[in-house]
Amino acid sequence: MATIRIPKKNLSVNPLKSSAPMGAALAYLGIDGAVPLFHGSQGCTSFALTLAVRHFKEDMPLQTTAIDEVSTVLGGADHLEEALINLTKRMKPRFVGIATTALVETRGEDFVGDLQGILARREELAETKIVLASTPDFAGALEDGWSKAVTAMIEGLVIPGDRRDSPLRQINVLPGVHLTSADIEELRELIAAFGFTAVVLPDVSGSLDGHVNDTYSGPTSGGTKLGDIAEMGRALHTIAIGHHMRAPAEALQGLTGVPTTLFASLTGLAPTDSLITLLSHLSGQPVPASVKRRRSQLLDVMLDGHFHFGDRRIAIAADPDLLHGLSMFFGGLGSEVVVAVASTGNSPALADIPSDEVIVGDLADFEAAAEAQGAELLVTHAHGRQAAERLGLPHYRAGFPIFDRLGAQHRCTILYRGTRDLIIDIANLFIAARPEKRPADFADVLAPLPASLKGEMSHAPTATC
Amino acid sequence: MSDALKAKIADVFNEPGCDKNAAKDAKAKKKGCSKPLTPGAAAGGCAFDGAKIALQPITDVVHLIHGPLACEGNSWDNRNSASSGQKTYRISFTTDLSELDIVMGNGEKRLYRAIKDAIARYAPPAVFVYQTCVPATIGDDIDAVCRHATEKFGTPCIPVNAPGFAGSKNLGNKLAGEALLDHVIGTREPEFTTPYDINIIGEYNLSGELWQIKPLFEALGIRVLSCLSGDGRYQEIATAHRARVNLMVCSTALINVARKMEERWGIPYFECSFYGISDMSETLRTTARLLVERGAPADLIERAEALIAREEAHAWSRIAPWRDELKGKRVMLYTGGVKSWSIVAALQEIGMEIVYTSVRKSTEEDKERVKAIMEDPHMVESVPPREMYAQLKRGDADILLSGGKSQFVALKAKVPWLDINQERHHAFGGYDGMVTLVRELAKSLHNPVWRDINRPAPWDLPNAAFPFAEIEARRA
């Protein structure tokens, strides 16, 4: 049980968090034929877009309502309407996900009412599914924005009512924002191994996995199909990953009655064992040999890798669910999480983190604490690189954004295979950082001398012949 | 095999300093101490391997391996022998003999040119040239090439005549020692000498262990004149004949060096160990006594006792915090030689139980010491992997301490394992090293990974309950 400390401070230095609209945009980008629309000033979109492009190395169809000074004063509904008309005409998306920003939320308008009015008024929007999530930048962070957008999509796109009398062999998956394209692919394959089809909402493995299309596409290509979202009520079960997916999971279960299991994390042996037990139970099928093989490989890497993890002092900074998952991972291999910094303080994941204290703070808090605690490895997103350089420590990149390495989306860190690879990657960092022994490493092998003996014991060799 | 090499091997086998050998009759002595190898069931390194292990830690020389690629290619940079300065020893040099070299008999020429290039590029104080099986078979005379190159280039070129087929790793150690005796030791005088000068023979500074020990000697004013061969410098080793006492570590690997140095220069030697608290103390005590016998001021003995008392107390106080955690844990010790007893005492002292200790490669004296320190001594010779796996699998021990070869026997049996042989990354020498060992033991035993790994997959459990609570639906 960790105590959660929120340092009182006036200045955030080297921020850890990305704000909520970014999370919402990423969620919307997991839908096929989507364009996320930021309701705010041009810059809100532009900065988010640039950062997302640096992370994914992909073009992003992010759009803006381009709120200007006048509409900030008089109200932004016109801009919202105009933006929707223009972008549907120009880009022909099947889906538009609106994320509000701090600017318009500060002014405070009835966005839902405005949107209803627009949709009733404008027939040209009839072919486009449009949802809106309220995601002011000043509340929460990446996980919150993602969660709110997924909730908005469930509430706006799933056919409500209990439809389990005509079930499909389908499992709904509500992944957290910390899952990569590779994670989702791995999860989908596992679910398929038990004879189920997975409907993943949102599914960035289809849209943000860096594929090359044959034709140009403005909106996202790949991702969850709108038709599949509508039919989520006919699934046997819903699996949600990460505490921040509790709200969308509750919404889905409330709408459709499909039972839900929430996994705090799917990184590690035990959580994967649990998920597989669940799938085996739901399908009535034994665990396939291929899955057992993966488990056996993980066990072997745990054995080979644990030497490098034992008693290591680890500093992690991340969004709460990722922080929790990584902390459990390191703790399970014998490392000590000496610094845990979370981007936000309201997640139930934080209390379970195996560390004395969780600081809700920024990367400056992280750097100072890592230095004070004598951390041996920094785990955080790419902005941690300056701290790593200053402290001379290895840096494992995890979270969002990772803009200075390729393949962030293709790194799998969940289930047996992902855990296996995570152990290998981090053990290799430790091995690479292991210095050759120097005489100075043994400077303190002698017992400290009592003051009375000092001088007397130091007989330097003297020439005698 | 050349006659010279045959004679050298016969000489090495006839080692009067070795008590195993001394106990043999004339006929058995003649046969030598190499156990015949069983094809298909052999393990362990060859003579070349042994020679390289013994000499490679000399940091500033070029180690040039004359042979086809495999001998060096598969073995270079494989030990954590540390250097406080020069790094030349970590660079791999080989003549990489090709088929044509072998067919045409170009080996010697190639070797000569290789020596020339190495000296031109790296300007080492010496070049050690290692013979291997193939050039030995085709008759390359590395002694002649080295002699010629030494004259021509003015850099000592030392032939190390220990081709793999000559015998075991242990024999290779001794042949390496012969090379030092024939070509290096005694070729130079130290700048000055003191009555406190010692050599350490058979210490390879693995993971920096020499640096855990050296400060202890230095605190007594004792100078390590040279170390064979950990963190070694060519010029230092050349002056080794001026030491007052030789400390022989690692059991009998280089006993021929110690004995012949006694013969030639009257330097007494004793066998010692830096592993374990009481062993370290005994080493310091004996060193002091022998130095005093050879003319050092008598107060050295008192000072040594004071140091021992202080360091032992310090070590035990550092070990004590682990006692509760480690008490009653069962250790399987699978090593050999000195280590079969030297760390037993420390492990017993913190309340660990020794399931057994292996006495492979141990002398009769080693075995006697095991008997002396263990209440109920369980000694084993070699244990086949399959058997060891079964022992570990059924839970005979909580942890295995061994060299790398048994690592996977333990890990595949899902039992903790700690490396105490040459590939290890932790320094276990002296008082400080025992504290490190105990800390590493605790770290390994208490890693939560064992609980995780040994938990059966849930679907393998009979009548596994469905463990999932569904989450509450949100009431809209």
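Helices (H or I, at least four residues) and strands (E, at least two) are DSSP runs, numbered from the N terminus. Residues are numbered from 1 along each chain as its sequence is written, while chains are lettered from A and ligands numbered from 1 in the order in which they are written. Please keep in mind that this is a predicted model, in which local features need pLDDT of at least 70, side-chain atom pairs count only at pLDDT 80 or more, and totals for chains, interfaces and linings use all residues.

View 1. Let us start with B:Ser229, which is found in strand S6 of chain B. Most peptide bonds are trans. Across from B:Ser229 in S6(B) stands B:Glu203.

**View 2. The sheet around S6 of chain B.** Step back, and you will find 4 strands forming an open sheet in the order S6-S5-S7-S8 (chain B), with parallel pairing. Two strands count as paired if DSSP finds at least two bridges between them. Strand S6 (223-229) and strand S8 (269-271) of chain B each have a single partner strand, so one side of each is left without a neighbour in the sheet. On average, neighbouring strands here are turned by 20° against each other, direction ignored. Strand S5 (residues 197-203) of chain B is joined to S6(B) by 6 bridges in the parallel sense. Helix H13 (residues 255-265) of chain B lies across S5, S6, strand S7 (245-248) and S8 of chain B, and runs at about 165° to S7(B). Such angles run from 0 to 180 degrees between N-to-C directions, and axes are lines fitted to C-alpha atoms, for helices over the stretch in contact.

**View 3. Another open sheet in chain B.** Here 4 strands follow the order S2-S1-S3-S4 (chain B), and their pairing is parallel. At the edges stand strand S2 (93-94) and strand S4 (157-160) of chain B, each with a single partner strand, so one side of each has no neighbour in the sheet. Strand S3 (residues 127-131) of chain B runs parallel to S4(B), and 4 bridges join them. Look for B:Phe128, which stands opposite B:Ile158 in S4(B). Helix H9 (residues 142-153) of chain B packs on this sheet and touches strand S1 (62-66), S3 and S4 of chain B, its direction making about 170° with that of S4(B). Contact here is a matter of C-beta atoms, placed from the backbone, that lie within 7 Å.

**View 4. Helices H7 and H9 of chain B.** The axes of helix H7 (residues 107-122) of chain B and H9(B) come within 10 Å and cross at roughly 35°. Among the residues making the contact are B:Leu111 and B:Ile115 of H7(B) and B:Val145 and B:Phe153 of H9(B). By class, the contact has 8 nonpolar, 1 polar and 2 charged residues. Ala, Val, Leu, Ile, Met, Phe, Trp, Tyr, Cys and Pro count as nonpolar, Asp, Glu, Lys and Arg as charged, and the others, Gly among them, as polar.

**View 5. Helix H17 of chain A and its partners.** Helix H13 (residues 289-309) and helix H17 (residues 415-432), both of chain A, have axes that come within 9 Å and cross at roughly 20°. That makes H13(A) roughly parallel to H17(A) (angles under 35 degrees count as roughly parallel, over 145 as roughly antiparallel, 65 to 115 as roughly perpendicular and the rest as oblique). H13(A) passes H17(A) in a left-handed crossing. The contact includes A:Leu298 and A:Val301 of H13(A) and A:Ile423 and A:Ala427 of H17(A). Its residues divide into 9 nonpolar, 4 polar and 4 charged. Helix H8 (residues 181-193) of chain A also packs with H17(A), at an angle of about 145° and with the axes 9 Å apart. There, A:Asp183, A:Glu186, A:Leu187 and A:Leu190 in H8(A) meet A:Leu415, A:Arg417 and A:Gly418 in H17(A).

**View 6. Two loops of chain A.** A:Pro401 sits in the loop between strand S14 (395-397) and H17 of chain A, and a cis peptide bond with omega of about 5° joins A:Phe400 to A:Pro401. A:Lys92 lies in the loop between helix H4 (77-91) and strand S4 (95-100) of chain A. Phi of A:Lys92 is near 50°, a positive value in a residue other than glycine.

Notes:
Left-handed = near helix turned anticlockwise from the far one by under 90°. Contact = placed C-beta atoms within 7 Å.
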